[in-house]
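Subject: Structure for you to look at

Dear colleague,

I am handing over the structure that I have been going through, and my notes on what I found follow below. Please keep the structure open beside the notes while you read.

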Amino acid sequence: MITRKRLATGACALLAALSVALLPTGAAADEPAAKESPKVELVLDVSGSMRAKDIDGKSRMSAAKQAFNEVLDAVPEEVRLGIRTLGADYPGNDRKRGCKDTRSLYPVGPLDRTEAKTAVATLAPTGWTPIGPALLGAADDLGEDGATKRIVLITDGEDTCAPLDPCQVAREIAAKGIHLVIDTLGLVPDAKTRQQLTCIAEATGGTYTSVHRTEELSRRVKQLVDRAADPVVTPVATEGAAQCEKAPQLKPGLYTDRESFGEHRWYRVDLLPGQELRASVSVSADRAVNNDYGVLLRAVTLHGREIVRGSEAGDGRTDVISTGLRYPKAEADDAPGDAKPAAETVCLQVSNSFSAPPSVKTTPGMPVELTVDVVDGPAGASDVASFGLGRGWWLLGVLVLAGFLAGLLWGWLSRWRVAVWRTN
């Protein structure tokens with residue numbers, strides 16, 4: 001009887017243990033979702049012009065293959081990488097067929113280094129340069145999930161498939177809001193190629209690099225792939241107001257907005273005594289604009305008194321113009337009791353002086369990126385911000401003092417030389 005009871009008790013305990021093991025634990029339920037791995041698509045130009053032998057005494061195609069082999073050996077494990085080609089298959093003169101010549105050489109996913117290298121080794125310079133279609137294909141390859149996405153375009157010439165403008169394609173990709181960055185590398189580029197690749201990169205917040213050596217190509221592609229693996233800050237969409245009183249309250253972070261031509265937009269930031277406000281703004285001219293323009297960033301009190309400003313002017317040579325400012329707020333006098341010092345509301349005004357030709361649409365507004373940071377203010381007078389150098393009076397005082405001491409020294413030396421001359 002006792003034996004039967006012990007067996008029954010053991011069986012119940014075993015069933016209970018199995019039930020607990022099969023149920024999801026609270027810790028597992030509370031775990032955050034795994035972060036998606038970053039994605040990178042390398043887009044390689046395999047058009048006929050890649051036969052030119054002007055990179056380290058060998059063809060551009062050979063230099064690209066060597067750089068790819070070195071890059072594939074160094075890709076971080078967490079990066080899902082793919083390779084797409086343009087101009088690799090059709091050698092004929094049919095423009096319609098040539099401008100569709102782009103395909104996925106190696107799908108975006110976990111990297112098999114041997115398989116990817118083998119695929120690259122089979123490439124030979126062949127046909128056209130359909131950059132626009134290749135960018136659209138690469139964007140589809142990367143998808144629209146929440147992962148960090150980057151396209152690295154490597155080409156030696158401008159697109160040959162107009163009217164599908166690759167710069168406009170890049171702008172359309174950026175407008176989707178899928179956080180996809182396009183970096184461009186020009187192999188021994190001419191002026192037109194440089195201009196087009198710069199426009200493509202800047203439309204999505206990427207970079208352009210001119211390459212003349214194999215080592216430069218390998219090093220730069222490695223940097224861009226590694227950058228995709230680094231954590232990034234996702235901008236927060238906001239909407240500035242026409243007046244400071246109705247402006248959105250911003251905390252430290254990165255914000256995006258759109259601003260019409262010649263518009264003023266306001267934002268607000270709270271600043272405690274002993275803190276320093278650091279802000280910067282970038283406005284992207286994502287369409288044709290007239291030459292001679294500028295951007296202004298001002299810090300103003302609620303009563304309209306200007307505290308500090310930053311400004312920058314341009315003349316049409318760049319698609320992005322930026323400026324910034326710093327405002328250190330002095331420490332407050334000791335407050336009676338346990339009273340906390342009150343925060344000051346600082347109004348940030350972002351203005352631009354862009355104008356556009358009559359044929360250009362002015363809506364929607366141009367992309368604006370605003371960075372706000374609040375840090376501890378300078379603790380000692382050695383900090384330029386606390387000392388006030390560069391605001392005028394302190395710098396003038398230092399120059400006057402230096403001139404006075406230099407004059408005394410020069411006068412003493414002159415009298416000493418005269419005395420020696422008279423003695424001799």
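A residue is called buried when its relative accessible area is under 20%, exposed when the value is over 50%, and partly exposed in between, with a 1.4 Å probe and protein chains only. This is a predicted model, in which local features need pLDDT of at least 70 and side-chain atom pairs count only at pLDDT 80 or more, while totals for chains, interfaces and linings use all residues. Residues are numbered from 1 along each chain as its sequence is written, and side-chain values use heavy atoms, with hydrogens and water left out.

Salt bridges

A salt bridge here is a side-chain nitrogen of Lys or Arg within 4 Å of a carboxyl oxygen of Asp or Glu, and by this rule the count comes to 19. One of them joins Lys117 to Asp73, whose closest N and O atoms are 2.6 Å apart. Because Lys117 lies in helix α5 (residues 113-121) and Asp73 in helix α3 (residues 60-74), this pair ties together parts that are 44 residues apart in sequence. Helices (H or I, at least four residues) and strands (E, at least two) are DSSP runs, numbered from the N terminus. Lys117 counts as partly exposed at 24% relative accessibility, and Asp73 is also partly exposed, with 48%.

In another salt bridge, the side chains of Arg60 and Asp54 meet at 2.6 Å, N to O; Arg60 is buried at 11%, whereas Asp54, at 33%, counts as partly exposed. Glu276 and Arg278 form a further pair at 2.7 Å, N to O, in which Glu276 is buried with a relative accessible area of 1% and Arg278 is partly exposed with 37%. Lys39, Asp145 and Lys149, in turn, are linked in a network of salt bridges.

Strand β14 covers residues 344-352, and nine of its nine residues are buried. In a regular strand the side chains alternate between the two faces of the sheet. In β14, Glu344, Val346, Leu348, Val350 and Asn352 point one way, while Thr345, Cys347, Gln349 and Ser351 point the other way.

Two strands pair if DSSP finds at least two bridges between them. Strand β9 (residues 264-271) runs antiparallel to β14 and is joined to that strand by eight bridges, with Arg268 standing opposite Cys347. Strand β11 (residues 293-300) also pairs with β14 in the antiparallel sense, over six bridges, and here Leu296 stands opposite Ser351.

An open sheet

Five strands form an open sheet with mixed pairing, in the order β7-β8-β15-β10-β13. Its edge strands are β7 (236-237) and β13 (320-328), each of which pairs on one side only. Within this sheet, strand β8 (residues 253-259) and strand β15 (residues 366-376) run antiparallel and are joined by seven bridges, and the bridge partner of Arg258 in β15 is Pro367.

Helix α6

Helix α6 (residues 131-142) has twelve residues and reaches 17 Å from its first C-alpha to its last, close to the 16 Å expected, where the expected span is 1.5 Å times one less than the number of residues. Nine of the twelve residues in α6 are buried, among them Ile131, Leu135 and Leu142. Just after α6, Gly143 takes a positive phi of about 80°.

With best wishes
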